[in-house]
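Colleague: I have a model open and would like to learn how to read its features one at a time. Could we start with the strands and then go on to the helices and the pocket?

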Amino acid sequence: MAHPLTLPLLSGARRALAKAITLVESTRPEHEAQAQALLSEVLPRAGQSVRIGLTGMPGVGKSTFIEALGVRLADAGHRVAVLAVDPSSARTGGSIMGDKTRMPRLTVHPNAFIRPSPSGGTLGGVARRTRESITLCEAAGFDVILVETVGVGQSETQVAAMTDLFVLLTLPNAGDELQGIKRGIMELADVCVVNKADTNPQAAVRAQTELRTALTLLTPHDAPWRPMALRASALTGEGLDSVWATVEAYRAAVDLRVKRQGQAAQWFDELLREAAWRAFQAGLDPARLHALRAEVTRGERTAVQGVAALLTPDP
């Protein structure tokens with residue numbers, strides 16, 4: 001018997017999509033089983049979108065940029081889904097979930113769907129179920145998926161590993177900002193956009209030039225795509241058409257089918273490691289684990305020796 005959300009989801013009902021994402025985000029075992037059943041039913045209808053990850057330093061205007069670009073695309077007939085990950089509190093586990101308030105025009109657009117989700121404390125601010133949420137959005141007929149991350153951080157590789165195109169937003173004073181952006185983030189970027197270019201046009205041009213130079217130095221010569229640096233203003237709309245044209249050029253230059261197959265294999269390996277770790281922990285003697293950890297803490301063993309002892313069967 002088909003899941004009750006399957007038909008309304010495939011018909012594009014946003015309410016059904018919201019319920020389906022809530023289901024895949026649930027940590028209750030019975031909900032996880034229902035979610036996987038639903039995903040199995042809708043999976044054949046997924047995969048027909050362009051998936052764009054966006055990140056940037058706090059204050060760069062990610063939400064404003066996403067809304068301006070999203071409204072432009074929605075007005076042109078695209079169906080746009082925004083998965084915006086909010087940081088969860090380390091103390092309470094709660095999150096502000098303010099993305100809808102920062103995108104008022106896109107929130108009410110009939111061709112758009114915005115889903116703020118708590119990161120749940122996962123590294124890099126990418127919710128664990130974001131991949132499944134992308135699949136659900138695609139099955140519901142959304143052809144542009146925008147994944148907004150919390151901000152530039154060490155594990156933005158996670159969002160790059162689940163999207164087709166990774167966009168790094170910077171500010172007109174990017175010369176100084178580049179010093180604070182990790183090399184790894186720059187290497188992940190397929191497109192860099194100097195946002196708020198209207199605030200200081202000359203500085204924006206300089207920043208664009210500096211980004212082009214940096215991207216040239218970081219890009220392998222045999223790469224199928226040469227990362228680009230653009231200027232844009234979410235406030236005036238300047239450069240947004242160029243951003244979308246670059247997305248289209250990227251889709252034409254890169255074999256997304258092969259890229260997604262590699263991402264799926266990587267995701268499988270990650271889940272396999274998690275499952276193997278959980279299975280290993282379940283078979284451990286808690287008393288022995290506690291004793292070895294205490295010995296390492298007291299300096300009686302090195303951490304390597306403690307792990308080796310844990311992996312050695314008792315005589």
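Modeller: A definition comes before the strands: two strands pair if DSSP finds at least two bridges between them. Keep in mind that this is a predicted model.

Colleague: Which residue stands opposite Glu 148 in strand 4?

Modeller: Leu 54 stands opposite Glu 148. The two strands involved are strand 1 (residues 50-56) and strand 4, which pair in the parallel sense over 5 bridges.

Colleague: Which residues of strand 4 point one way, and which the other way?

Modeller: Val 144, Leu 146 and Glu 148 point one way, while Ile 145 and Val 147 point the other way. Buried here means under 20% relative accessible area. In strand 4 (residues 144-148), 5 of the 5 residues are buried, so the strand is largely enclosed by the rest of the structure.

Colleague: Where is Lys 196 found, and what is its phi?

Modeller: Lys 196 is found in the loop between strand 6 (191-194) and helix 11. Its phi is positive, about 60°, although Lys 196 is not a glycine. With a relative accessible area of 31%, Lys 196 is partly exposed.

Colleague: Now the helices. How should I read a list of buried residues there?

Modeller: An α-helix has 3.6 residues a turn, so residues three or four places apart point the same way. Take helix 11 (residues 201-218) as a case. Its 18 residues reach 26 Å from the first C-alpha to the last, close to the 26 Å expected at 1.5 Å a residue. Buried in helix 11 are Ala 203, Ala 204, Ala 207, Gln 208, Leu 211, Ala 214, Leu 215 and Leu 218. Seen down the axis of helix 11, these fall within an arc of 140°, so they line one face of the helix.

Colleague: Which residues are exposed on the other side of helix 11?

Modeller: Gln 202, Thr 216 and Leu 217 are exposed there.

Colleague: What span should helix 2 have at 1.5 Å a residue?

Modeller: Its 12 residues (14-25) should span 16 Å, and the end C-alpha atoms are 16 Å apart, which agrees. The buried residues of helix 2 are Ala 16, Leu 17, Ala 20, Ile 21, Leu 23 and Val 24. Down the axis of helix 2 they fall within an arc of 155°, so they line one face of the helix.

Colleague: And which residues are buried in helix 15?

Modeller: In helix 15 (residues 303-311), Gly 306, Ala 309 and Leu 310 are buried. Seen down the axis of helix 15, they fall within an arc of 100°, so they line one face. Val 304 and Leu 311 are exposed on the other side of helix 15.

Colleague: What separates the C-alpha atoms of Ile 134 and Ile 21?

Modeller: The two are 113 residues apart along the chain, and their C-alpha atoms are separated by 9.2 Å. Ile 134 has its place in helix 7 and is buried, with a relative accessible area of 2%. Another pair is Pro 4 and Leu 38, which are 34 residues apart in sequence and 8.8 Å apart in space, C-alpha to C-alpha. Pro 4 lies in the segment before helix 1 (6-10) and is exposed, with a relative accessible area of 68%.

Colleague: Last, the pocket. How is empty space found in a model?

Modeller: Rolling a probe the size of a water molecule over the atoms shows where empty space is left. Here the largest pocket holds about 700 Å³ of space.

Colleague: How many residues line the largest pocket, and which lie nearest its centre?

Modeller: The lining has 28 residues, and Leu 43, Arg 131, Thr 135, Ala 264 and Trp 267 lie nearest the centre. By class, 11 are nonpolar, 6 polar and 11 charged. Helix 3 (29-42), helix 7 (130-139) and helix 13 (256-282) each supply at least two lining residues. Helix 13 gives the most, with 11 residues.

Methods
Residues numbered from 1 in each chain as written. Predicted model: local features only at pLDDT ≥ 70, side-chain atom pairs only at ≥ 80, totals over all residues. Heavy atoms only, no water. 1 Å grid on protein atoms, 1.4 Å probe; cavity = no way out; pocket = protein on both sides within 12 Å on 5 of 7 lines; lining within 4 Å. Points joined across faces, edges and corners; volume = space filled by probe spheres on them. Helix = DSSP H or I, 4+ residues; strand = E, 2+ residues; numbered from the N terminus. Nonpolar A, V, L, I, M, F, W, Y, C, P; charged D, E, K, R; others polar. Expected span 1.5 Å × (residues − 1). Buried < 20%, exposed > 50% of the residue type's maximum accessible area, 1.4 Å probe, protein only. Arc of directions from axis to C-beta.
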